[in-house]
Amino acid sequence: MVRSRKGPPSPEEFLGFKVGADRKLADWPQIVGYFRELAAGSDRVEVDVLGETTEGNPFIRVIISSPENLSRLEEIRGIQMRICNPVGVTPEEEERLISEGKAIVLITCSIHSTEIAASQMSLELAYRLATEETPEVREILENVILLLVPSLNPDGHQIVVDWYRRTLGTPAEGTPPPWMYHKYVGHDNNRDWFMFTQRETRLAVGEIHNRWHPQIVYDLHQMGRTGPRLFVPPYIDPIDPNVDPILQSEIAFLGTCMQNELITEGKRGVISHCIYDAWTPARAYQHYHGGVRILSEAASVAIATPVEVKASEMRGGRGYHPLKQRWNNPYPWTGGRWTLRDIVEYELSAAFALLRNAARYKDLWLRGSLEIYKRALNPEGGPYAFVFPPAQKDPDTAALLLNTLIFGDVQVHVAKESFEAEGVRYPEGTYVILFAQPYGRFAKTLLEIQEYPDLRDDPSEPPKRPYDITAHTLPLMMHVEVHQIEERFDAELEAVERVTLPEGEVIGEGKPYYIFTPEWNASFKAVNRLLREGVEVFRTYDYLEVRDVAFPPGAFLVEGGEEALASMREMAKDLGLSIYGLDGQPEVAFRVRTPRVGLYRAWSPLADEGWTRFVLENFGFAFDTLTPQEIRQGDLSDRFDVLLFPDYPRDLILKGLAGLPRWMEMASRYPTEYRMGIGRQGVGEVLRFLRDGGTLVTVNGACEFAIKDLSAPAVNAVEGKPPAEFYIPGSILRVLFDTTHPIGYGLDREEAVLFLRSPAFDIKQGESVAVYPEASPLLSGWALGEELLLGKTAVAELPMGDGTAILIGFPPIFRSQAHSTFKVLFNSLLYAAGEVV
């Protein structure tokens, strides 16, 4: 390495090319190496490895500020934490906190790894802050603590760089990888900001957000190439009403300032107030934790390959046309060559505009934070508390929900004695979340019913779609009983740092049989562990009562023996399960065998297959993933009891990448092996599998494949309905289950499901396992034309020759959030492999 000056190397000196150069990308080891080199050569920069990613890469956070600020970093963090919880703060202390505190800014790059410019830009941003002596940089360093995350998804970054380098100079140059850029969740990784299921999410939230609670979070993304060059807030409606009004106004203030500065620099095509809303907490953790989320979306190139965009190719969308001058698009970009370096320069300018604002208005930002948290401690309106009765159907899942909220910095209490609230007496051990607390709004948005607004000006208009989904009520999604209490009550409460279940036990040892509940999701972990150890497990046929404990149909029955008993003791302790001895064998529905599962994995970036793997692994299910080639190869019935097709569109299953509308033009550029679907040959092999007695399970969108290509005896009753007539964009609906059917074992008659581009069936043969009620099914979100669902089937078991098709007409594991319907998938797999005795 040759350096032109003393001090740390520039990115160009370190990498050997200019950041943003055509067809050049820094990979993850290079980025980590550069930041380590920069920190070694500058007293303005610190680098920490916060942990390992899913695939074992280092997850780094960079802190940049003046040497004086870095020397008193914990003191400054203490000031910030006091601002975040200003209980008993005096006016004098407020002024001291504002005077001595610093604006905390978090910049996060390239969570979506094909949107790679920001991770490259971060090198140049850090270098300039580490080396420049301008008044502008000095002001930023003096007044701001910058927390910089060069990539929120290092694994994906390396996947994308490797694919790009591999395909350089080939027809596939500049295409996204034909698989997800994360082991499990792909593009959905920024929808994990309230369930915290992924390791990267937990590192970012636990080690950065919750330790600092920044006033400003700048989240850099990219969008399609034929629209504006850069989006910045303000957002379009709706904004979740749980976002504090101060934050809403600060978002508009900062975004507008950034737009103004970029246009003043001569940068065309900077647009605001279009496309993106701020409704869901899945993408905006900081909106409920005292900070603004400033999203920018830059027009993309072909990864690092330049593109040419003609004016005739540019397309508009909700709230804009890129070629038309409007108040939110005052300086349109009219087409031309667009490069990775262009994106880097736009993002650098945006980052500096944001940092200048944070530095210049440091006191304003800190005063705003103080006021937000003071309001949170003394809210106007809203409920008094959310109450979790201790007698839950699935205590383990209830504990998971409470611990998820605790991880999100919500204060949870437990009642030390019984109390009364709104005329109901709650026992000792009841969990209580008070709304008046620093992050009460985060708890509220996750626990309450969503009422998504109808944004149409006239009912005859087609609906305006949300950017993501309309409902996220976790008690419904997880089947946890939670009561929203409006009136104040008195109770002796004690704060808890973690909710744990008491150890379970085996009650009535020495019996020939043992039984445990099918109602806990954790029961499936127990069953899979027992099956791996060779223990005989059955499912009961009818209702049973054992030692005054009621067991519904489908309870798990275990044949005793010393080895089985030893395993059950350990499981009861680990999982909190109570297992009961029985003197005789009750009537059983079937013997449980380990299902041989073939999970279809298309060449595609769509995430449901990854989420499915994630959930199946967590609950101990074994499976093999099957590519289109392996489906076409055949011999499926020799290897599998059940084929599982996740939530894929029919055309993707059949045609491969050419079946995805956004990928049609690119599909022909991929190597043949990566662009194929199962085709007619694969359809024939799936039909052969069914003729041989196999079971097919299709989820949500994949049900169309079962109906149209495999002739499953059903029709989708809502297919082809225009949005003005039928539109349910990610809402939570009520369905009624047959709990005596093996697919419905352990469920309640009434359950909540997420409806997202879902079918609803009229079946011609077979059984309806779940149906929509004859009254409004809407529980949370928004529904237009819901009457078309009344009485229709949501889950069906259909005969397919000697085989069976199970159609699940909703996403049962949706982003690992829909714990209430995990059992629908789990039951289907066990039923498929069950042996009648």
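Two strands are said to pair if DSSP finds at least two bridges between them, and the strands themselves (E, at least two residues) are DSSP runs numbered from the N terminus, as are the helices (H or I, at least four residues). The model is predicted, with local features needing pLDDT of at least 70 and side-chain atom pairs counting only at pLDDT 80 or more, while totals for chains, interfaces and linings use all residues. Residues are numbered from 1 along each chain as its sequence is written, and side-chain values use heavy atoms, with hydrogens and water left out.

With this in hand, consider strand β24 (residues 578-582). Strand β19 (residues 513-516) pairs with β24 in the antiparallel sense over three bridges, and Ile515 has Tyr580 of β24 as its bridge partner. Strand β18 (residues 505-507) is also joined to β24 by three bridges, but these two run parallel, and here Ile507 has Tyr580 as its partner. Four of the five residues of β24 are buried, where buried means under 20% relative accessible area, exposed means over 50%, and partly exposed lies in between (1.4 Å probe, protein chains only).

Elsewhere, eight strands form an open sheet of mixed pairing in the order β1-β2-β4-β3-β5-β8-β6-β7. Its edge strands, β1 (45-52) and β7 (270-271), each pair on one side only. Within this sheet, β2 (residues 58-64) and β4 (residues 144-149) run antiparallel and are joined by three bridges, with Val62 opposite Leu148.
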